[in-house]
Amino acid sequence: MRIPPRWSQAGAVAILGTATFVTVMVLIFIIAFILQKGLPVVRPSFLLDFPKDMGKEGGIFPTIIASIVLPILAILIAMPLGVGTAVYLTEYTRESRLTQIIRFGTDCLAGIPSIIFGLFGFIFFVTTLKMGWSLISGGLTLALMILPTIIRTSEEAIRAVPSVYREVSYSLGATRLRTVRKVVLPNALPGIVTGMMLGIGRCIGETAAVIFTAGVSLRLPTTIFDSARTMSVHFYILAREGISTENAYGTAAVLILSVLLINLSAYGMMHWIMSKRS
Amino acid sequence: MKGKSASLLKFQIQNLNCFFGPNQVLKNISIDILPNQILSVIGPAGSGKTSFLRTLNRLNDLFPEFRMDGKIFLDGEDIYRSNYDVVQLRRRVGMVFALPVPLPMSIYENVVYGPRLMGIRDSTRLDKIVENTLKSAFLWDEVKDRLKTSALRLSGGQQQRLCLARVLALDPEVILLDEPCSGLDPISTAKIEEALALLKTKYTIIFVTNNTKQAARIGDRTAFFLMGELIEYGPTEQLFTVPQDKRTNEYITGRFG
């Protein structure tokens, strides 16, 4: 009656292997499809020229700049808040009703659709605080959006630091702050950076929250109070309004390649930090 | 100051009871600890040896479910009174843990972690501290050419001696050792014992061990703990040759534990 272990083993390998294969193939297919459609238009001039005729002609230079500046702004705002919250929750408070409520709150925040963040950002930052459509409105909105991710990943990373390290640090006469700075945070760094990269990835790809807050201006922003159009918003508008399918795919290809580049360089950076330490 | 206190008691522990949540781990312990001696604390696993040790530098405070009553005096001062400076206490009462735990930084940085916290910045002074303490821990010759490499690359025995050096760098008065040789080979163990025998002229050493032979070898006095109670306490020779309690006799002759 029982299935021989050899068969069940082979069955498990087949099922799990297929699942992995399908996942990887879908990923490769999407990337290959976009690159195949988009790469032909990606030339140096496409990257460095200003768009002409609403993006029908010319390049995407200002949208690249906006896609670089906006995540940086969001990260600069979200990292201190997020890591600070994570340190507070893990090192400065004991598990209690309050921490459970905070954690539940951040989880809820993580589940809110980005369009809601966009709407909130529009009402609060753009109109109520009179920041207008601007990089700073967009940056603040995106910061709120990625905050839960950063808090949760940082918290996990901090909890994973062996408690003996803390005990050793305290036993050597360190204060709590010193222990956090010298022992806890350096050891949690890989996890914290992972959370940051996830955040950057979400910011770069985000459209709904950005279109309402940073606006759609095709001019090159000179200050963070200027409106600007990111690559993903540009792609959305080109495709939605039927302005230029070729340029839409070209923008998408650049977007995918830059996300890839960011992940690779983050991976390389982590590798470098770890090898320096051990 | 160390000279003056040499004639007095270093630690006085009176009616100490400790609890982790509902479990009482130490029951009515009273013990006087003499300076410049090695006190061996023996007993089977779960007898409260480690909890006892960790009350002396208030490291149990890190556990939210820890409670205690009774009094502990260090040089006549109650270390559990409110507004007592715990950071200062931990500098005076250093600790070596059961498993070697070098912090994930270089050998040099591990040793100067404590001194830096005390505000010593002068690099020649730090260099001197590193050399002296590593020599006292019998580690200097093995690592002097690679002080800047990661402490995680050392062997277990070397790591434990590094942990000893790191404690010595605090210039403490008391050194607590929690089964420091439990994971070490006989040669590393011998080196640690050798270092301790020399160090007791300067420090008061409290040494928890599972190994009764080791306790007999290096302890001036020995305390035997069982199920959270202090069964017997006295000069090592006396405790090992004419134990007063039947349970002590059974433990040291290897009938249980």
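Colleague: What is the strand order of the open sheet of 4 strands in chain B?
Modeller: This is a predicted model, in which local features need pLDDT of at least 70, side-chain atom pairs count only at pLDDT 80 or more, and totals for chains, interfaces and linings use all residues. Residues are numbered from 1 along each chain as its sequence is written, while chains are lettered from A and ligands numbered from 1 in the order in which they are written. Strands are DSSP runs of E with at least two residues, helices are runs of H or I with at least four, and both are numbered from the N terminus. The pairing in this open sheet of chain B is antiparallel, and the order is 2-1-4-5.

Colleague: Which strands of chain B stand at the edges of that sheet?
Modeller: Two strands pair if DSSP finds at least two bridges between them. Two strands here have a single partner strand each, so one side of each is left without a neighbour in the sheet. They are strand 2 (23-33) and strand 5 (77-78) of chain B.

Colleague: Which residue stands opposite B:Leu74 in strand 5 of chain B?
Modeller: Strand 4 (residues 66-74) of chain B pairs with strand 5 of chain B in the antiparallel sense, over 2 bridges. In strand 5 of chain B, the residue opposite B:Leu74 is B:Glu77.

Colleague: How many residues of strand 3 of chain B are buried?
Modeller: A residue is buried if 20 or more other C-beta atoms, placed from the backbone, lie within 10 Å of its own, exposed if 12 or fewer do, and partly exposed in between. On one side of strand 3 of chain B, B:Ile38, B:Ser40 and B:Ile42 are buried, and on the other B:Leu39 and B:Val41 are buried. For strand 3 (residues 38-42) of chain B, the count is 5 of 5 residues.

Colleague: What is the bridge partner of B:Ser40 in strand 8 of chain B?
Modeller: Strand 3 of chain B runs parallel to strand 9 (residues 221-226) of chain B, with 4 bridges, and B:Leu39 stands opposite B:Arg221 there. Strand 3 of chain B also pairs in the parallel sense with strand 8 (residues 204-208) of chain B, over 4 bridges. In strand 8 of chain B, the partner of B:Ser40 is B:Phe207.

Colleague: Which elements of chain B give two or more residues to the side that touches chain A?
Modeller: Two residues are in contact if their C-beta atoms, placed from the backbone, lie within 7 Å. The contact takes 16 residues from chain A and 19 residues from chain B. The elements of chain B that give two or more residues are helix 3 (86-92) and helix 4 (107-117).

Colleague: How many Å separate the centres of domain 1 and domain 2 of chain A?
Modeller: An automatic or database domain assignment gives the bounds, and chain A is divided into domain 1 (5-41) and domain 2 (55-277). Taken over C-alpha atoms, the separation of the centres of domain 1 and domain 2 of chain A is 29 Å.

Colleague: Which residues of helix 10 of chain A are buried?
Modeller: Chain A has 11 helices and 2 strands, and buried residues make up 37% of its 278 residues. Helix 10 of chain A is followed by A:Gly242, whose phi is positive, near 65 degrees. The buried residues of helix 10 (residues 231-240) of chain A are A:Met231, A:Ser232, A:Val233, A:His234, A:Phe235 and A:Leu238.
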